[in-house]
Amino acid sequence: MKSWRTPRSVKPPFGSEWTAPPATRIFDNVSFIGNVIVGCYVVETGDGFVLIDCMEPDDKSRDTIVRGIAELGLDIHDLKAILISHGHFDHYGQADWFRRNYGCELYLGKEDTVLAKTLALDKWPVIDYDMDHYYEDGGILKFGDMEIMTVLTPGHTAGCYSFILPVWDEGRKHMAGMWGGSGLLPDSDPYAYKASLDRFTALCREQHVDAELCAHPTLDNGLERQALARCIVNGVPNPFVIGEEGFAYYMGQYYALLEETMIRRGLK
Ligand SMILES: [Zn+2]
């Protein structure tokens, strides 16, 4: 039977015109700021907040993040760190600017340093500065009362990291998983990607991950679910809490992307 669903959407090309939706709280301690192409997560820690990713290196992205932080009622001076999922410019875009202006510390996977400093794919802007920290595979980063697990998941890039963190809603604790590199690019390693998917999916199951975060909202109907989150009433299930089975189902789409890539490259 033919699927009734709209095919998985592809994100608009970088440089497309966009309008940012309002910054949106999706959990007591987590909010999204971004647009249809890419975004970042604000994670409140009890002692300031951290960003996971920081959009593209253009003024509009910067303004969107700065305005979003204010919309959430946060003080930008409480920004402690930026956790960059991988060495692509749409994830590290504003890192240096925030560090220079607000003194936050920057984290990246060590294996992506060379990539972020040299990659010229599609003339993407590279970085000319160093990080403050590199992640530890399977390590726990502590900020205030928040503990974020960092997992090396090579494939999309060699030093791509994924995250597992606790989130709260209506007094309930959930565990959220964020797969760091979305699909496969021409230089992505499909075998490493497969091994990382297997490992991260198993780890999320072990950690009882039942909620999902994604930097590219075209992959998970993120903006539509945020629209619901902006008006959700007490008692209605949080659209980002999808259950442990739901999380495994969601990860299935990355296996599907892998399969498509393998067939396209004649590897299957
Ligand atoms: Zn990327």
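Tutor: Start with helix α1, whose buried residues are Ser61, Thr64, Ile65, Gly68 and Ile69. The model is predicted: local features need pLDDT of at least 70, side-chain atom pairs count only at pLDDT 80 or more, and totals for chains, interfaces and linings use all residues. Residues are numbered from 1 along each chain as its sequence is written.

Student: What makes Ser61 of α1 count as buried?

Tutor: A residue is buried if 20 or more other C-beta atoms lie within 10 Å of its own, exposed if 12 or fewer, and partly exposed in between, with C-beta atoms placed from the backbone. Ser61 is among the buried residues of α1. On the other side of α1, Asp59, Asp63 and Ala70 are exposed.

Student: How do you know whether the buried residues of α1 line one face?

Tutor: Look down the axis of α1. The buried residues fall within an arc of 125°, so they line one face of the helix. The arc is that of the directions from the helix axis to the C-beta atoms.

Student: What do the buried residues of α1 pack against?

Tutor: They pack against β2 (30-34) and β3 (39-44). Contact requires C-beta atoms, placed from the backbone, within 7 Å.

Student: What makes β3 and β4 a pair?

Tutor: Two strands pair if DSSP finds at least two bridges between them. β3 and β4 (residues 49-52) have four bridges, in the antiparallel sense. In β4, Leu51 is the bridge partner of Val42.

Student: Why are β1 and β7 called edge strands?

Tutor: Seven strands form an open sheet in the order β1-β2-β3-β4-β5-β6-β7, with mixed pairing. β1 (24-25) and β7 each pair on one side only. Two bridges join β6 to β7 (residues 133-134), and these strands run parallel.

Student: What makes a nonpolar core, and which residues touch the most other members of the largest?

Tutor: A nonpolar core is a set of buried Ala, Val, Leu, Ile, Met, Phe, Trp, Tyr and Cys residues joined through C-beta atoms within 7 Å. The largest has 72 residues; Tyr41, Val43, Leu51, Cys54, Ile82, Tyr107 and Leu165 touch the most other members. Helix α7 (residues 243-264) gives the most to this core, with six residues.

Technical notes
Two residues are in contact if their C-beta atoms, placed from the backbone, lie within 7 Å.
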